[in-house]
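Q: I would like to learn how to read a structural model feature by feature. Could we go through one together?

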Amino acid sequence: MNPSLTLGPNLFHWPAEQRIDFYNRIADESPVSTVYLGEVICSKRTPFFDDVHLPAVAERLERAGKTVVYSSFSEVVIKRERNILMEWSKQEGRDLEVNNTAALLHLKDRPHRIGGLLNVYNEDTMAYLAGQGATHFSLLPELPRAAIARLGEKARELGVGVEVQVFGRASLALSARCYHARAHERTKDNCQFVCGDDPDGMTLMTMDEKPFLTINGIQTLSYGYLDLMADIDDMRAIGVTHFRVMPHTCDMIVVTRAFDDVLAGRIDVAEGEARLRELGIEAPFVNGFYRGRAGHDWVPRVTEMA
Amino acid sequence: MNAMVKPELICPAGTPAALRSAVDAGADAVYCGYQNATNARNFVGLNFTPEEMEKSIRYAHDGGTKVLITLNTFPPAGKVELWKEMVDLSARLGADACIVADIAVAAYIRDTYPDLRIHLSVQAAASSPEAIEYYVREFGVKRVVLPRIMTVSEIRGLLKEIPCEVETFIFGNHGLMVEGRCSLTNYVTGQSTNMDGACSPAACVKYERADDGSMSTILGDYMIDRFGPEETAGYPTICKGRYKCDARDGGYYAFEEPISLNASTMLPDLINAGVHAFKIEGRQRSRAYVKKVVAAFREAVDSIMAGQEPRLADLVALTEGQKQTEGALKTKKWR
């Protein structure tokens, strides 16, 4: 199978105009084959973009030849979230990516995708979900290579896709509490959408001023940006079929072209990595999870990995 | 409140000694795990060998107490066999239920031991009727342990919609991350909460005293908190640390203060709502702690069921940082 480059769901709360411009540019200039759309972090944000602009943006991307997949909520608690999820689950025409088990209740025996926020850690769980209609699995960022290799093997046997995030901040934790609101001494109900001030998330520093984590509403992400460009060939060999970059405010056309050029063999990894390092991202790049180390580590690729 | 169901009191047992204390203090059920990655409290010096489990189950059953075995982590690909072996062992030893989070583990129990009760762990993060119904439909889950994020009135509403029993936490650790959906420890240490049962593992912890008398608590390469000379340094759990951000002057508890859940004043409401079981957190706690907390809640539940005012023992001395909260149970304002 030819490897595919995908653009994951935008995790952050960007103004609607910025999002529309962003996806227009992706449609016109980015080589990604698939774009995931839809709010996955906070249901309070949907009136700004999803409820109004999503269909038009999806159509625009499809006219540009992209496959559009809808990505759904990671936390489903209140009635409104449950209702939206049920509606989305019934929708025809586009695949739904599931980030909470609540959606699985509605999707039995209907094709759907499993998102990178749903816990699929092993081949038995993958096979179980595939048996109920899952066709594609986006893996959790914390999985080490050894586990991905076993999942890749099982996916080949099942005929399902396997997607790994190769660029952007990694999701580390979810909560029912909004930490963005908390930082501003507000509650989730009275948040006044302060998360919109931080289009790549809010940096948390340690008491000795070392950047550590990133807050995005109820989500906690890594401070470092994942960069698994050097591992793409290795991942292809162990059964990864799709490579996901996550939207950030850096130039995502440059990012997606760099990954596409490496995937297609037009440039080597050193050149691709050099391009990523010219983007002006302040945070360090990290790849520890894939290498079976602490996630914040950057482990240079030396020779063959175990 | 005339047709009240008497909720079971579910008590932690990190060691065989703690298990005996819990049984003797009146636990209706104890929960405990094996000495490996199959349980979410895979800490040095805790948990049971197969031989200890066998003896402990016998002790508990002789005392009329059930034993629920925690197999509540997520086996990484290539290692599922260990979890299956622990299911086999638990079934052979006569466990009353297994508490599970992973779909593969639940499916294995359903297929192999259809008579073994499955309780859905809080680690599965089933926080809606739909998620719970999914696990009941697929695996015949008999009870769900609810995430610590719901108010009593939300729990009451939930109980009307779901076809299984409900267990809620009433005392102990009060983490705010959705359990089963947190890889902060792995980001810092390389050990995973979900796959290895590790949470701020002790081997990665350092305490450093500075010249000004302040004490820093460190996990891996990161300072999790810094305490003044007069403050008592807490354990460096990532979600209980103090950090800085642009919106704040100085350090603040970005996630949650070191504080413990104590729902003792909410027990009548929870019983009235129809909750089937009350869970006390703390498998990492001492035998003396278990004895005191279990005895206090045994007395409280029995009094309420007898229509009397419960005599609530003062448990604040046993809580983390000597601070307590009703958590999410009372109001959703904490969100």
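This is a predicted model: local features need pLDDT of at least 70, side-chain atom pairs count only at pLDDT 80 or more; totals for chains, interfaces and linings use all residues.

Q: Which are the buried residues of α4(B)?

A: A residue is called buried when its relative accessible area is under 20%. In α4(B), the residues that count as buried are B:I103, B:A104, B:V105, B:A106, B:A107, B:Y108 and B:I109. That makes seven of the 10 residues of this helix, which spans 103-112 of chain B, so α4(B) is largely enclosed by the rest of the structure.

Q: What do the buried residues of α4(B) pack against?

A: Their partners come from both chains: α5 (123-130) of chain A contributes, together with β3, α3, β4 (97-100), β5 (117-120) and α5 (129-139) of chain B.

Q: Where do the buried residues of α2(B) fall when one looks down its axis?

A: The buried residues of this helix are B:M53, B:S56, B:I57 and B:A60. Viewed down the axis of α2(B), they fall within an arc of 105°, so they line one face of the helix. The face turned away from that buried side carries the exposed residues B:E51, B:K55 and B:D62. As for neighbours, the buried residues of α2(B) pack against α1 (16-24), β2 (29-32), β3 (66-71) and α3 (80-93) of chain B.

Q: How many residues does α2 of chain B have, and what distance does the helix reach?

A: Helix α2 of chain B, residues 50-62, has 13 residues and reaches 18 Å from its first C-alpha to its last, close to the 18 Å expected at 1.5 Å a residue. After α2(B) comes B:G64, whose phi is positive, near 75°.

Q: Where does UniProt place the feature "binding site"?

A: An annotation of this kind is read first from the record and then checked against the coordinates. The unreviewed UniProt entry places the "binding site" feature at A:C42, A:C178, A:C191 and A:C195. These positions are spread over 154 residues of sequence, yet they cluster in space, with a largest C-alpha distance of 11.5 Å.

Q: Is A:C178 buried or exposed, and which residues does it touch?

A: A:C178 has 9% relative accessibility and therefore counts as buried. Its place is the loop between β7 (161-175) and α7 (179-183) of chain A. Leaving aside residues up to four places away in sequence, A:C178 touches A:K188, A:G217, A:I218 and, from chain B, B:R335.

Q: And A:C195, where is that residue found?

A: A:C195 is in the loop between α7 and β8 (202-205) of chain A, and at 7% relative accessibility this cysteine counts as buried. With residues up to four places away in sequence left out, A:C195 touches A:H13, A:R45 and A:H180.

Q: How many residues does each chain bring to the contact between chain A and chain B?

A: The contact takes 65 residues from chain B and 69 residues from chain A. Between them the two chains bury about 6,000 Å², 55% of it on carbon and sulfur atoms. In chain B, the residues that lose the most area to chain A are B:R181, B:Y187 and B:R335, together 15% of what that side buries.

Q: With which side chain does the side chain of B:E256 make a polar contact?

A: The partner is the side chain of B:H174, at 3.5 Å. B:E256 sits in the loop between β13 (252-253) and β14 (260-262) of chain B, and at 6% relative accessibility B:E256 counts as buried. Residues of both chains touch B:E256, among them A:R177, A:R182, B:L176 and B:C239.

Q: In which strand is B:I224 found?

A: B:I224 belongs to strand β11 of chain B, residues 222-227, and is buried, with a relative accessible area of 1%. The C-alpha atoms of B:I224 and B:T237 are separated by 7.3 Å, although the two residues are 13 residues apart along the chain. The residues that B:I224 touches include A:F212 from chain A as well as B:P236, B:T237 and B:I238 from chain B.

Key
Residues are numbered from 1 along each chain as its sequence is written. Chains are lettered from A and ligands numbered from 1 in the order in which they are written. Side-chain values use heavy atoms; hydrogens and water are left out. UniProt positions are given in the numbering used here, feature names are shortened, and annotations may be inferred rather than shown by experiment. Helices (H or I, at least four residues) and strands (E, at least two) are DSSP runs, numbered from the N terminus. Buried means under 20% relative accessible area, exposed over 50%, partly exposed in between (1.4 Å probe, protein chains only). Contact means heavy atoms within 4.5 Å. The expected span of a helix is 1.5 Å times one less than its number of residues. The arc is that of the directions from the helix axis to the C-beta atoms. A polar contact is a pair of N or O atoms within 3.5 Å; within protein, one must be able to donate a hydrogen and the other to accept it, and residues adjacent in sequence count only if both atoms are side-chain atoms. Buried area is the accessible area (1.4 Å probe) that two parts lose on being put together, summed over both.
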